[in-house]
Amino acid sequence: MVTAAGCWRAFSKSNKSQLNCCSTSGARQCCPPLVGAAFSAHDMHVTLILPIALAISLSACSDQVEDTRPGQPVKMRQTAFKEMLRVFEPMGTMLRDGKYNAGKFEALATDLISKRNGPWGHFAPDTNYPPTKARPEVWTNKAQFDQAQGAFFGSTDALLTAARAKDLKRVTDAYSTVYDHCQSCHREFKKK
Ligand code: HEC
């Protein structure tokens with residue numbers, strides 16, 4: 001069944017579920033329907049709920065295109081981003097569910113600092129090819145990309161400082177600032 005231009009529904013035997021598939025520039029991508037992942041602008045104050053949507057759209061999708069280049073730079077950076085998400089997401093869950101544990105949160109914030117360096121070295125100039133989700137602006141507007149990365153680093157420093165102070169209000173604010181930096185860079189530099 002055709003759902004939108006270039007998109008169709010498929011049934012995944014391995015997941016035993018309906019998938020939405022779309023074909024973009026020759027690459028086929030299938031994702032489960034994003035149930036509950038649509039948020040309108042006026043929901044923005046519920047910032048802490050959003051990472052779930054990020055997690056769903058990222059971990060459950062299956063790319064059909066393999067990174068066949070030596071060293072697999074695209075796959076390397078995507079894996080590094082996913083590792084960041086794996087540390088970042090539980091922090092959001094903790095805050096959202098009202099289960100803030102200062103010790104655990106600080107450990108996760110420390111872990112995020114250790115993971116945050118992962119992706120950037122894999123964005124060499126000639127690595128804009130499928131299955132990348134990066135937009136060409138990563139390379140054509142490199143100064144701004146580097147700036148977005150720097151701002152993200154600053155926000156994760158602030159998150160660790162807040163986590164060490166074990167102050168829930170500060171932690172919550174700092175977490176949502178980091179989240180905003182993930183999102184704003186994705187808006188500019190990552191395909192949907
Ligand atoms: C400075 C820019 C920037 C920042 C900051 C940033 N990202 Fe990304 N992210 C990207 C780009 C560009 C890609 C696409 C990489 C590719 O496919 O080649 C991406 C991809 C991803 C992916 C997808 C990996 C995949 O295989 O689909 C995840 C997950 C992700 N980012 C999570 C995060 C999280 C979580 C944060 C914040 C804690 C974050 N990112 C911060 C630029 C950024």
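Helix α5 has 24 residues and reaches 35 Å from its first C-alpha to its last, close to the 34 Å expected at 1.5 Å a residue, the expected span being 1.5 Å times one less than the number of residues. This is a predicted model, in which local features need pLDDT of at least 70 and side-chain atom pairs count only at pLDDT 80 or more, while totals for chains, interfaces and linings use all residues. Residues are numbered from 1 along each chain as its sequence is written.

**The chain**
- The protein chain holds 6 helices and 4 strands, which are DSSP runs (H or I, at least four residues, for helices; E, at least two, for strands) numbered from the N terminus.
- From the N terminus on, the elements run β-β-β-α-β-α-α-α-α-α.
- Of the 192 residues of the protein chain, 17% count as buried, that is, with 20 or more other C-beta atoms, placed from the backbone, within 10 Å of their own.

**Around α5**
- The buried residues of α5 are F145, A148, T156, L159, A162 and A163, and what covers them includes α3 (102-115), α4 (137-140) and α6.
- Just after α5, K166 takes a positive phi of about 55°.

**The ligand shell**
- The ligand is surrounded by 24 residues, of which the closest are Q78, F81, K133, C182 and C185; a residue is near a molecule if its C-beta atom, placed from the backbone, lies within 6 Å of it.
- At least two residues of this shell come from each of α2 (73-96), α5 (142-165) and α6 (168-189), and α2 gives the largest share, 8 residues.

Conventions. Buried ≥ 20, exposed ≤ 12 C-beta atoms within 10 Å, placed from the backbone. Contact = placed C-beta atoms within 7 Å.
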